[in-house]
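Here is a short report on a fold and its strand pairing. Look over the sequence and the model first.

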Amino acid sequence: MLNRSTVYLLVIGFIFSVSCGESKPDSPQDAPIGNRKSPIAIASIEHENTYMKVVYGQPYRKGRTIFGEWEPYGQVWRTGANEATEITITEPVLMNMEVIDAGTYSLFTIPNEENWTIILNNGLGQWGAFDYNEQLDAHRFTVPIQNLDSPVEAFTISFSDLKGSATVMSLSWDLVKVDIPIRFY
């Protein structure tokens, strides 16, 4: 029969071994809400009857070189951290001169040295880009990068102030920024 002290040590040892064994989740099922390593951020804009909202994980640079090293060129990126970034649009808009229907899409990107491919994908509820499926792409287009003089510490998605019915959605991190022109109907 085990005494109380032995049971106590076994329980503490078990808890310690389980908590120390955590690793990066491979799928949404392995990624409980409390497992997020980066804070959640929201960017939004409204024009007349149209509302756009982007929900994303906001990773930090922490002295790293992001594009080309931490996030390799030419590979699909979740465009943030944690779950795949999602963009919701309540009415059709023009995005980079393409008609985008109302709906919710996962926002993926493919960073390259000179430009980024922007992907709006119909696969929702994904953890990262592990289950990204190109067959579910609704739209793909390319935008040029802008090199920044000083680094942006936290990955940031923002909308510019409205100019008439137009805005720009900017994605900025490290020494790179991309702008996506948007026009409301």
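Of the protein's 185 residues, 40% count as buried, where buried means under 20% relative accessible area, exposed means over 50% and partly exposed lies in between, with a 1.4 Å probe and protein chains only. The accessible surface is about 10400 Å², and 52% of that area belongs to carbon and sulfur atoms. These areas come from the Shrake-Rupley method with a 1.4 Å probe; for residues, only the protein chains shown count as cover.

This is a predicted model: local features need pLDDT of at least 70, side-chain atom pairs count only at pLDDT 80 or more, and totals for chains, interfaces and linings use all residues. Residues are numbered from 1 along each chain as its sequence is written, and side-chain values use heavy atoms, without hydrogens and water.

Along the sequence the order is α-β-β-β-β-β-β-β-β-β. Helices (H or I, at least four residues) and strands (E, at least two) are DSSP runs, numbered from the N terminus.

Two strands pair if DSSP finds at least two bridges between them.

| Strands | Sense | Bridges |
|---|---|---|
| Strand 7 (residues 115-121) and strand 8 (residues 137-159) | antiparallel | seven bridges |
| Strand 8 and strand 9 (residues 166-184) | antiparallel | eight bridges |

I119 stands opposite R140 in strand 8. N147 has V176 of strand 9 as its bridge partner. Six residues lie between strands 8 and 9 in their hairpin, where G164 takes a positive phi near 70°.

Contacts mean heavy atoms within 4.5 Å. Among those with a separation of 6 or more, 56% join residues 24 or more positions apart.
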